[in-house]
Amino acid sequence: MGKHVLLINDLPGYGEVALAAMMPVLSHLGHHVYNLPTALVSNTLDYGKFSILDTTAYMKETLAVWHKLGFSFDAVAAGFLVSEEQAELVASYCEEARGKGALIFVDPIMGDEGHLYNGIPEERVLAMQKLAAAADCICPNYTEAALLADEPYRAEGLSRGEARALIDSLRRIGPGSVVVTSAKVDGEDAVAGYDERSGDYFLLPFQPIPVRFPGTGDIFSAVLLGRMLRGEALPRAVQAAMDAVAALIERNKDNADTFKGIPLETCLEVIGS
């Protein structure tokens, strides 16, 4: 039976990333999907020119209305946030929802390749740490994991022991399970994690495909969350998400406009059912 899932992320007008990527995936996997946009974005940022509308005021008003109406969700997934104020707002909401039994999933979108994204201040890290503390599962890339744990980014990669130590540092912040993507461990590209339910650490290697699409991280998170909500063990859900993203990239690698993201509506069957 499908779960009721609230997605808190930005909404693009042109391009299949963030909410535009996650909603069709989770719907395809049989869940009921709701959304709270953190920003309206004209198009994916890869085009170089864009406009972003901060929706913090709308978010506050919407959450107040939902509270009066008694709306609740089985899971809340938080992603891109445009300010520390939003992070505080979402963290408070997630703490409340978790207290009522909702599963809280956080993709702390802040940076990549060893640095914060343009326009994101250092203060965002502290705000994201608070949000991560309210989560049952966090899914940072390696850069974001290092930032959250206040540890140096190692461009050369990590040993297995260092990867495990990084995960333990993240667990001390508060989340139950941890999934670190885009890591290089013992010379291999891999996803490293810890499954709170089993108490096991895991390391899943992958072969990167040299084509970049925006939104693949959002697809990964959506598949992972969708399968977690079915009760699948975390390592199995992570592997399913990895396989889905790889298959989608492979199918679309010759697309003329990769900046738009992957046209999910044409290939949802790749994700499975």
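## Asn35

At 27% relative accessibility, Asn35 is partly exposed, because that label covers the range between under 20% for buried and over 50% for exposed. Keep in mind that this is a predicted model.

Asn35 sits in strand 2, which runs over residues 32-41. Leaving aside residues up to four places away in sequence, Asn35 touches Leu6, Leu7, Leu19, Met23 and Trp66. What about Ala135, 100 residues apart from Asn35 along the chain: how many Å separate their C-alpha atoms? The separation is 18 Å.

## The largest cavity

Searching the whole structure turns up two cavities of 30 Å³ or more. The largest cavity holds about 40 Å³ of space.

Which residues line the largest cavity? They are Asn9, Met22, Ala77, Ala78, Gly79, Phe105, Asp107 and Ser221. Sorted by class, that lining comes out as four nonpolar, three polar and one charged residues.

## The second largest cavity

The second largest cavity has a lining made up of Leu158, Ala163, Leu166, Ile167, Val180, Ala183 and Ala192. Two elements give two or more residues each to this lining: helix 6 (160-173) and strand 9 (177-185). Helix 6 has the largest share, with three residues.

As for volume, the second largest cavity comes to about 30 Å³. Its lining splits into seven nonpolar, no polar and no charged residues, whereas the lining of the largest cavity includes three polar and one charged.

Technical notes: Residues numbered from 1 in each chain as written. Predicted model: local features only at pLDDT ≥ 70, side-chain atom pairs only at ≥ 80, totals over all residues. Heavy atoms only, no water. 1 Å grid on protein atoms, 1.4 Å probe; cavity = no way out; pocket = protein on both sides within 12 Å on 5 of 7 lines; lining within 4 Å. Points joined across faces, edges and corners; volume = space filled by probe spheres on them. Nonpolar A, V, L, I, M, F, W, Y, C, P; charged D, E, K, R; others polar. Helix = DSSP H or I, 4+ residues; strand = E, 2+ residues; numbered from the N terminus. Buried < 20%, exposed > 50% of the residue type's maximum accessible area, 1.4 Å probe, protein only. Contact = heavy atoms within 4.5 Å.
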